[in-house]
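This report describes one protein model, region by region. The sequence and structure come before the details.

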Amino acid sequence: MIDLRSDTVTKPTKGMLEAMFNAEVGDDVFGEEPTVNALEEKVAKLFGKEAAVFCPSGTMTNQIAIKVHTQPGDEVLCDTTAHIYNFEGGGISFNSGVQARLLPGEHGRISAQQVKENINPRYDWMTNTSLVCIENTANRAGGSFYSLQQMKEISDVCKQQKLNYHLDGARIFNAIVENDYTPAGIGNLFDSVSVCLSKGLGAPVGSLLLGDKEFIRKARRVRKVFGGGMRQAGYLAAAGIYALDHHVNRLKEDHARAKKLAETMSKLSYIDSILPVDTNIVIFNLNDKLKPEDFVKKLAEKNIKATAFGKQAIRFVTHLDFTDDMLAQTEAALKAI
Ligand SMILES: *Cc1c(COP(=O)(O)O)cnc(C)c1O
């Protein structure tokens with residue numbers, strides 16, 4: 001079975017399972033989880049932040065960040081395609097009572113200028129703009145990444161205008177391996193950063209939220225309220241530590257396979273257009289003679305799983321469990337349609 005639906009479908013490797021099996025554990029709600037503490041310290045230090053909190057999902061880390069950074073009735077600025085707006089079940093209004101102002105970015109990337117132009121003046125009758133959230137890499141926009149300069153320009157506006165600045169870094173390591181920036185170089189631009197271990201890094205569960213000590217103190221409280229306080233979570237944290245030590249540099253392989261797929265697909269007559277492939281996501285549009293359901297069905301007959309991602313669009317995501325062999329099989333199947 002070849003599964004291109006998401007990079008979340010990976011199973012723990014043998015080495016990762018051994019690390020999990022050997023983890024030292026305690027009760028994290030009491031703050032006595034040695035492996036969770038080690039993971040939080042490791043990732044906070046890596047990104048140059050004071051502290052971190054380990055959570056079950058990237059949805060939770062984003063939602064906690066939004067809750068801590070805003071007051072009910074506030075407005076959050078983000079791209080039209082943002083995960084926090086499209087794929088978190090309306091959580092920003094449910095959990096924090098805030099609304100989003102959607103900015104049409106360039107392949108998922110908003111600009112400092114757009115941010116500047118969309119900050120409300122502080123009148124009693126205007127919504128209070130309090131948070132800017134960017135996504136790097138941008139999922140629904142096809143895995144595109146920001147340059148350090150673009151992230152910094154937005155950071156400068158946020159500092160000037162006293163806005164909080166959050167990075168949804170579910171796939172931040174996919175951006176890092178393709179750029180000349182370091183985790184610490186990014187970390188110091190943001191008030192908070194969310195990092196997922198269960199996407200390209202191949203851990204079964206887990207995300208971290210990073211920030212200064214005071215922010216993380218509040219975040220831990222919100223995590224408990226949201227039901228995300230875990231007990232012997234060290235088994236999961238051990239998988240995360242292993243993933244960070246072994247699965248970061250290899251992300252480039254996923255990117256190369258995604259690019260190869262896109263190259264093959266660019267020659268197929270039933271494919272109309274493909275978004276630029278910067279990392280591990282290939283989003284493409286079928287021409288109107290081929291229905292996405294039929295395309296997905298045809299691939300399924302060849303044991304390949306994919307999902308429709310909009311009207312005529314399909315998304316493929318490459319990952320740790322997608323090998324060169326599977327790439328060749330997928331290319332052959334696509335050519336046969
Ligand atoms: C996957 C993802 C998340 C978090 O998703 P969970 O499935 O809740 O871990 C957040 N942001 C982006 C951009 C994502 O792709």
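## Helix α3 and the basis of the model

Helix α3 is mostly covered, with ten of its twelve residues buried; buried means under 20% relative accessible area, exposed over 50%, and partly exposed in between, with a 1.4 Å probe and protein chains only. The buried residues of α3 are Gly-58, Met-60, Thr-61, Asn-62, Gln-63, Ile-64, Ala-65, Ile-66, Val-68 and His-69. Helices (H or I, at least four residues) and strands (E, at least two) are DSSP runs, numbered from the N terminus. The end C-alpha atoms of α3 are 16 Å apart, which agrees with the 16 Å that its twelve residues should span at 1.5 Å a residue. The expected span is 1.5 Å times one less than the number of residues in the helix.

The model is predicted: local features need pLDDT of at least 70, side-chain atom pairs count only at pLDDT 80 or more, and totals for chains, interfaces and linings use all residues. Residues are numbered from 1 along each chain as its sequence is written, and side-chain values use heavy atoms, with hydrogens and water left out.

## Helix α10

Helix α10 covers residues 213-225. Its 13 residues reach 19 Å from the first C-alpha to the last, close to the 18 Å expected at 1.5 Å a residue. Which residues of α10 are buried? They are Phe-215, Ile-216, Ala-219, Val-222 and Arg-223. Seen down the axis of α10, these buried residues fall within an arc of 115°, so they line one face of the helix. The arc is that of the directions from the helix axis to the C-beta atoms. An α-helix has 3.6 residues a turn, so residues three or four places apart point the same way.

The buried residues of α10 pack against β2 (51-55), α3 (58-69), β7 (192-196) and β8 (207-211), where contact means heavy atoms within 4.5 Å. On the face turned away from the buried side, α10 carries the exposed residues Lys-213, Arg-221 and Val-225. Just after α10, Gly-227 takes a positive phi of about 85°.

## The largest pocket

The largest pocket has a volume of about 160 Å³. On a 1 Å grid over the protein atoms alone, a pocket is an open set of points with protein on both sides within 12 Å along at least five of seven lines, while a cavity is a set of points where a 1.4 Å probe fits but cannot get out; lining residues have an atom within 4 Å of a point. Grid points are joined across faces, edges and corners, and a volume is the space filled by probe spheres set on the points.

Lys-49, Val-68, His-69, Asn-164, Asp-191, Gly-211, Asp-212, Glu-214, Phe-215 and Lys-218 line the largest pocket. Helices α3 and α10 each supply at least two residues of this lining, and α10 gives the largest share, three residues. By class, the lining has two nonpolar, three polar and five charged residues. Ala, Val, Leu, Ile, Met, Phe, Trp, Tyr, Cys and Pro count as nonpolar, Asp, Glu, Lys and Arg as charged, and the others, Gly among them, as polar.

## Cavities

How many cavities of 30 Å³ or more does a search of the whole structure find? There are three. The largest holds about 70 Å³ of space and is lined by 13 residues, of which Asp-79, Ala-82, Cys-133, Ile-134 and Glu-135 lie nearest its centre. Strands β3 (75-79) and β5 (129-135) are the elements that give two or more residues to this lining, and β5 gives the most, with three. The lining of the largest cavity has eight nonpolar, two polar and three charged residues.

The second largest cavity holds about 40 Å³. Its lining consists of His-83, Glu-135, Thr-137, Asn-139, Asp-168, Ala-170, Arg-171 and Lys-199, divided into one nonpolar, three polar and four charged residues.

## Loops and backbone geometry

Most residues other than glycine have a negative phi, and most peptide bonds are trans. The bond from Asn-136 to Thr-137 is cis, with omega near 0°, and Thr-137 is found in the loop between β5 and α7 (148-161). His-107, in the loop between β4 (99-103) and α6 (112-117), has a positive phi near 50° and is partly exposed, with a relative accessible area of 34%. Lys-162 has a positive phi of about 55°, lies in the loop between α7 and β6 (164-169), and counts as exposed at 72% relative accessibility.

Asp-28 lies in the loop between α1 (14-21) and α2 (34-46). At 1% relative accessibility, Asp-28 counts as buried. Not counting residues up to four places away in sequence, Asp-28 touches Glu-33, Val-36, Asn-37, Arg-220, Arg-223, Met-230 and Arg-231.
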